[in-house]
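Hi there,

Here is the structure I promised to pass on. Have a look at it first, and then read on for my notes.

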Amino acid sequence: MSRKCLGVKLAEFSLKFGVTVRCYCLMPNHFHLYLQTSEANLARFMQTFLTSFCYTLNRWRGKSGHIFQGRFKSHVAEDGAYGMAISRYIHLNPIRIKSLEESDIVVKLRCLNEFSHSSYRFYVGDDKPPEWLDISHVLSKFEGRSLSDRKRAYRRYVEEGVSKKVENPFANVVAQCVIGDDAFVEKMRRGYAMDLNLSDGREQKSLAILRSSFKFEDVLKAVANVFGVDTDDIIMKRSRLRKERM
């Protein structure tokens with residue numbers, strides 16, 4: 001019921017908010033989504049989706065209250081460099097549980113392939129993905145003449161994460177919200193974090209952290225360039241102002 005409910009709600013609200021779902025994994029007390037949005041509406045999408053999902057599931061189970069732990073966390077990711085790693089991280093969640101820590105690779109692979117509450121089976125199997133799930137974007141990053149070839153390549157890529165330790169893409173988070181190289185982080189900082197026209201304060205609250213992560217020297221240079229003065233002049237004038245106030 002929970003998986004069916006998740007699919008119904010993702011289909012409904014991804015269409016309503018123009019959100020593309022690339023990967024998902026539903027765990028007992030949390031879930032992961034890899035999404036692509038064309039506008040700053042993630043908070044509204046998640047709030048509406050979660051409220052409706054929890055209400056429907058609680059009504060079916062005859063319960064009330066929260067289903068998942070805490071508020072959702074989100075990250076802006078550099079798709080080209082980290083999209084594949086993020087999809088693998090999401091799909092490997094079912095075997096990252098305490099009960100499987102000491103299990104051998106064979107057991108972990110069986111659990112991974114038998115887990116039905118994620119998008120993994122659509123990526124590697126013959127099941128046709130629902131309309132709201134886009135598997136083509138991630139699979140297009142793998143070599144192969146046919147879809148079957150790319151699916152086999154993706155399976156090998158994910159199973160590599162079972163047999164050996166691979167890099168966790170979320171270990172590279174900058175300012176608690178961005179996954180990407182220095183150029184991408186700077187693009188996000190200058191292109192989005194400093195956008196003063198954001199109308200919804202709930203959108204990407206971590207961008208406030210990113211905005212505050214500018215170095216003083218960078219801010220000083222930017223102000224000096226705007227007003228056509230030297231940085232020393234700004235500092236000196238500030239010092240004189242302090243002396244006059246004393």
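A salt bridge here is a side-chain nitrogen of Lys or Arg within 4 Å of a carboxyl oxygen of Asp or Glu. Please keep in mind that this is a predicted model, where local features need pLDDT of at least 70 and side-chain atom pairs count only at pLDDT 80 or more, while totals for chains, interfaces and linings use all residues. Residues are numbered from 1 along each chain as its sequence is written, and side-chain values use heavy atoms, with hydrogens and water left out.

**Overall picture**

The protein has 11 helices and five strands; these are DSSP runs numbered from the N terminus, with helices being H or I of at least four residues and strands E of at least two. Of its 246 residues, 37% count as buried. Buried means under 20% relative accessible area, exposed over 50%, and partly exposed in between (1.4 Å probe, protein chains only). Contact means heavy atoms within 4.5 Å. Among contacts between residues at least 6 apart in sequence, 63% join residues at least 24 apart.

**Salt bridges**

There are eight salt bridges in the structure. One of them joins the side chains of Arg88 and Glu160, at 3.2 Å from N to O. Arg88 belongs to helix α3 (residues 79–91) and Glu160 to helix α7 (residues 147–163), so this pair ties together parts that are 72 residues apart in sequence. Arg88 is buried, at 8% relative accessible area, whereas Glu160 is partly exposed, at 28%.

Glu160 also meets the side chain of Lys164 in a salt bridge, at 3.1 Å from N to O. Lys164 is partly exposed, with 47% relative accessibility.

Elsewhere, Arg121 forms a salt bridge with Asp127, and their closest N and O atoms are 3.8 Å apart. Asp127 is partly exposed, with a relative accessible area of 40%. You will also find a network of salt bridges that links Arg22, Asp79 and Lys141.

**Where α3 meets α7**

Two packed helices are described by the angle between their axes and the distance between the axes. The axes of α3 and α7 come within 10 Å and cross at roughly 65 degrees. (Axes are lines fitted to C-alpha atoms, for helices over the stretch in contact, and angles run from 0 to 180 degrees between N-to-C directions.) On the α3 side, Met84, Ala85, Ser87, Arg88 and His91 take part, and they meet Tyr154, Tyr157, Val158, Glu160 and Gly161 of α7. By class, this contact has five nonpolar, three polar and two charged residues. In that count, Ala, Val, Leu, Ile, Met, Phe, Trp, Tyr, Cys and Pro are nonpolar, Asp, Glu, Lys and Arg are charged, and the others, Gly among them, are polar.

How many of the residues of strand β1 are buried? Seven of the eight (the strand covers residues 19–26), so β1 is largely enclosed by the rest of the structure. β1 runs antiparallel to strand β2 (residues 31–37), and seven bridges join them; two strands pair if DSSP finds at least two bridges between them. Together β1 and β2 form a hairpin, with four residues between them.

Leu26 sits in β1 and stands opposite Phe31 in β2. Leu26 is buried, at 8% relative accessibility. Leu6 is 20 residues away from Leu26 in sequence, and the two are 8.4 Å apart in space, C-alpha to C-alpha.

Glu131 lies in the loop between α5 (120–124) and α6 (136–139). Glu131 counts as exposed, at 86% relative accessibility. Glu131 and Val21 are 110 residues apart in sequence, and 9.7 Å apart in space, C-alpha to C-alpha.
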